[in-house]
Amino acid sequence: MSEKKPGVYICKGCGIGDAVNVDELEALPKSEFRIGHCVKHDALCSPEGVAAITKDVADGTINRMVIAACSHRVMTDKFVFPGSAVVRANLREQVAWSQPAGDENTQMLAADQLRMSISQLSRTEQPEPAVIADYTRTLLVVGGGVSGLTAALEAAKAGYPVLLVERTDQLGGWSAKWSGRMPHRPPYREVQENDVAKLIARVQGEKQITVMTNTLVTKTAGAPGQFTVTLSQGGQDKTEKIGAIVVATGWRPYDANKLGHLGYGASPDIVTAIELEAMLKTGELKRKSNGQPVKHIAFIQCAGSRDPNHLPYCSSVCCGVSIKQALQVVKSDAKASAYIVYEELRTPGTAEEFYREAQRKGVIFMKGKAAKVDGGSMTVTYEDELLGMEVPLAGLDMIVLATGMVPNSTNPDMPVIEAEKSELQLKSDINPAAPIKVAGEAPAPFPWKDSNVPTGGPILNLQYRQGPHIPMLADGFSDSHYICFPYETRRTGIYTCGPVRRPMDMGESAEDAAGAVLKAIQSIENSKVGVSVHPRVGDLTYPKIGHDKCTKCRRCTVECPFGAIDEDEQGRPNVNFSRCRRCGTCMGACPVQTITFDNYNPQMVNTMIEANEIPDEFSEKPRILILACENDAYPAIDMAGIGRHQWSPFVRIIPVRCLGSVTLQWVSTALQKGYDGIMLMGCKSGDDYQCHFIKGSAIAKERMSKVGETLKSLALEKERVTMAEVSIADSHSVVKVINDFADTIGALSPNPMKGF
Amino acid sequence: MALEPLPEVTRPYDQSFTRWVARNVKGGDKLALCMQCGTCSGSCRTAVYYEHGPRMLFAMIRAGNVHDVMTSTTLHGCGRCYLCVSRCPRGIPVAHIIRDLGQKADELGYSIRPVGPDGQPIPDAGAACPTCAAAQ
């Protein structure tokens, strides 16, 4: 590493020059940090400003710099100087725009922002990426249904070789069994031809795609770009090098034998939608009991769905399926009548057209919950919500139960390994502990039930420290967040699509597959050049573990939200770089602070905390430290500044990659330095988390529960350290959260450690 | 046009009665537009005094509850404020359907009359609304 030549650039634009005395700030780097090169400029982001910095870099005056201007979240394209480390000091959003101009406290805040950034620079290295030399571009697609077939086609179209693995002897999955499909083309009124055979033919005609039927994945090891997958075809094992994996294992129907209360099993004429579909496919729609034609048919919606005793969720497609089947029945026999007993009919989007078509064709919709089904007299009694009374629907020829979808997030063909069926491995140990202060409104978390986990063995049988399963959400679906991070499982390089991710129909599955494939391709390409995938896209750093100091406590390998860290034979942590998403949770977990990133490490934040000037206890200027998650809380605070909301001038905000990366040592450093209060600001935790790194705030909450003892040993009040949940949309309420905490701290006596 | 005899309904939601209403009642063909939102019942000043609100009456027609519909006091309780007609989001002439259905019920021999708060039958004329009756 060449000699470090730091420089400081202070911008006067956007009101910074009016709010603070820039001349005073300009003298600070030299007087306190012996940095001679400090330049102020009217607008650093202007072409002239950037040119001035570029010139200094080019002629070798500096090779690392602090840019004291706007938040590091903006102007990221302007302040890039290859080969030079850049640290940004936030003088605009969090000083000039959110504090009164010309105030003494504002000036102190600006000076502290500069001190923190210069200290940050002193611990920042230019990162060197961990590049995988022998990466593979082949994609593995697990599952040969609509999602899997589409995924394979999309990947092949993008120029990537694909290995498509199907556990049965033919492609098509469930969709090959359907007699027709719900409309997916305008005018969205007619039952359309099942075109899955064409899709299969296209896949078989594609040279880039290798299809393996009757094949199970028995073992998966490695990391994105270099997975080693063992496949078993007819008892013969085969090992393949794989770049990324798309899991499209689909779904299985909910076990109708559990639906005795809806008459399943009481009569051969009470069937599930799947059984009816088989009859419609062969064209022989007859009563199973006596072979008579079906004249009156009733569909019971939500059979075992949206029911706390069965599937708690809505499978979203059953309403459309029943409408399709009712239309097929009415179309084949003009005298037949079809009744659909529904609680709420869910026909999103264009399916509404299909629903209206069914009404026009005379399908009868009855709103109410089925109360009783009598298999003997073939009567459905339901509570009619519009009439406010029980209505018996007697003399039916067939009763169809519209059962829901269970995700194939486990493989029903593989044995359940009891030792591995622990909640910890499936949920990846999210543990919502005691309630904490929430800035927004939050509903109660979804209760986790073991029965929500589909039974079966692991799909990929991952050879990971954290177990063989792909972690699931509370309903048993394999995803990490339905809205924020679709397709991304909690295992980097493994992406889910189709009904294994959430219930969906054939059209949605095909769209989903394209999305997952794009994610998988990104993962391969990123692992090739050693940069992180979403959400820290482009990050070149990675956790470096100092093996000489490591105590083999295994906390990092257990707490990693993405199972990126394995253990070698001697029990030492072994980071799989391309599996890592750079959240720093391992760094926060490490009790000896030996896990570091090139531009983010425990020592760096320690130095930043210590750099600030703490006024003495008689000045009535308390100091509050906020460690803010830079994904949600820090942007929310920036947004509050952009909205010109003002907050306490006594807070000092340090962005952290994730609350999971916060070590208790930073808290004790701050308390010993003389900060009066410390607040951790992160995302919502629990089963309905919003944390970008799954469980960072949950982990921080657990760690902070242990801070009480530290406070007690220092004879400090426990109110001094707190935690708040802030979402990116909370820019209004975050100001109140900060000010309320500042009031609480103001009411306490000053931290007695000041000045020691 | 001669009034058709009432159909026999064999199963709930049998459409024969709905079709009878569509053919025989003025505005009855618009009934198919009803989406059961309940705006009519929410607007009706007199619904609280009678057996069913307009929404419920329409639901009963669809369900084929012939007897309950034809003997409902609602058929003769309309106060002619026409709020339901002006507010119906689907433009169904609710009050007109109810009034004409009441006439057809009379013709078919269902002579049920609502009774006011004073125990006297309410005259089937413009001022049937008991709110006004009480105010007078």
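# Close-up views of a predicted two-chain model

**Figure 1. A network of salt bridges in chain A.** Glu32(A), Asp112(A), Arg115(A), Glu613(A), Arg623(A) and Arg652(A) are joined to one another through a network of salt bridges. The model shown here and in the following views is predicted. Over all chains, the count of salt bridges comes to 48. Side chains of opposite charge can pair when their charged atoms come close.

**Figure 2. The salt bridge between Glu353(A) and Arg189(A).** The closest N and O atoms of Glu353(A) and Arg189(A) are 3.8 Å apart. Glu353(A) belongs to helix α10 (residues 351–360) of chain A, while Arg189(A) sits in the loop between β6 (162–165) and α7 (196–204) of chain A, so the pair ties together parts that are 164 residues apart in sequence. Glu353(A) has a relative accessible area of 29% and is partly exposed. Arg189(A), at 34% relative accessibility, also counts as partly exposed.

**Figure 3. The salt bridge between Asp539(A) and Arg536(A).** In this pair the closest N and O atoms are 2.8 Å apart. Asp539(A) is buried, its relative accessible area being 10%. Arg536(A) has a relative accessibility of 17%; because buried means under 20%, Arg536(A) is counted as buried.

**Figure 4. The salt bridge between Glu567(A) and Arg554(A).** The side chains of Glu567(A) and Arg554(A) meet at 3.4 Å, N to O. Glu567(A) is in strand β24 (residues 565–567) of chain A, and Arg554(A) is in the loop between β23 (544–545) and α13 (555–559) of chain A. The pair links distant parts of the chain, 13 residues apart. Glu567(A) counts as partly exposed at 23% relative accessibility. Arg554(A) is partly exposed as well, with a relative accessible area of 40%.

**Figure 5. Surroundings of Ser685(A).** Ser685(A) lies in the loop between β29 (677–682) and α18 (696–704) of chain A. With a relative accessible area of 6%, Ser685(A) is buried. Its side chain makes a polar contact of 2.9 Å with the side chain of Lys701(A). When neighbours within four places in sequence are set aside, Ser685(A) is in contact with Ser697(A), Ala698(A), Lys701(A) and Glu725(A).

**Figure 6. An aromatic cluster of Trp174(A), Trp178(A) and Trp251(A).** These three residues form one aromatic cluster. Over all chains, the count of aromatic pairs is 11. One of them joins Trp174(A) and Trp178(A), with ring centres 6.1 Å apart and 15° between the planes. This pair is classed as stacked, because planes under 30 degrees apart count as stacked. Trp174(A) is partly exposed at a relative accessible area of 25%, whereas Trp178(A) counts as buried at 16% relative accessibility.

**Figure 7. The aromatic pair of Phe597(A) and Tyr600(A).** The two rings are 6.4 Å apart, centre to centre, and their planes make an angle of 45°. The pair is tilted. Phe597(A) is buried, with 1% relative accessibility. Tyr600(A) is likewise buried, with a relative accessible area of 4%.

**Figure 8. The interface of chain A and chain B.** The contact involves 16 residues from chain A and 11 residues from chain B. About 1,000 Å² of area is buried between the two chains, and carbon and sulfur atoms give 57% of this area. In chain A, the residues that lose the most area to chain B are Ile364(A), Leu386(A) and Leu387(A), which together account for 50% of what that side buries. Four residue pairs are in polar contact between chain A and chain B, both residues being at pLDDT 80 or more.

**Figure 9. The side of chain A that touches chain B.** Strands β16 (364–374), β17 (379–384) and β18 (389–393) of chain A each supply at least two residues of this side. The largest share, four residues, comes from β18(A). By class, the side of chain A that touches chain B has 12 nonpolar, three polar and one charged residues.

Methods: Residues are numbered from 1 along each chain as its sequence is written. Chains are lettered from A and ligands numbered from 1 in the order in which they are written. This is a predicted model: local features need pLDDT of at least 70, side-chain atom pairs count only at pLDDT 80 or more; totals for chains, interfaces and linings use all residues. Side-chain values use heavy atoms; hydrogens and water are left out. Contact means heavy atoms within 4.5 Å. Buried area is the accessible area (1.4 Å probe) that two parts lose on being put together, summed over both. A polar contact is a pair of N or O atoms within 3.5 Å; within protein, one must be able to donate a hydrogen and the other to accept it, and residues adjacent in sequence count only if both atoms are side-chain atoms. Ala, Val, Leu, Ile, Met, Phe, Trp, Tyr, Cys and Pro count as nonpolar, Asp, Glu, Lys and Arg as charged, and the others, Gly among them, as polar. Rings of Phe, Tyr and Trp (its six-membered ring) pair if their centres lie within 6.5 Å; planes under 30 degrees apart count as stacked, over 60 as edge-to-face and the rest as tilted. Buried means under 20% relative accessible area, exposed over 50%, partly exposed in between (1.4 Å probe, protein chains only). A salt bridge is a side-chain nitrogen of Lys or Arg within 4 Å of a carboxyl oxygen of Asp or Glu.
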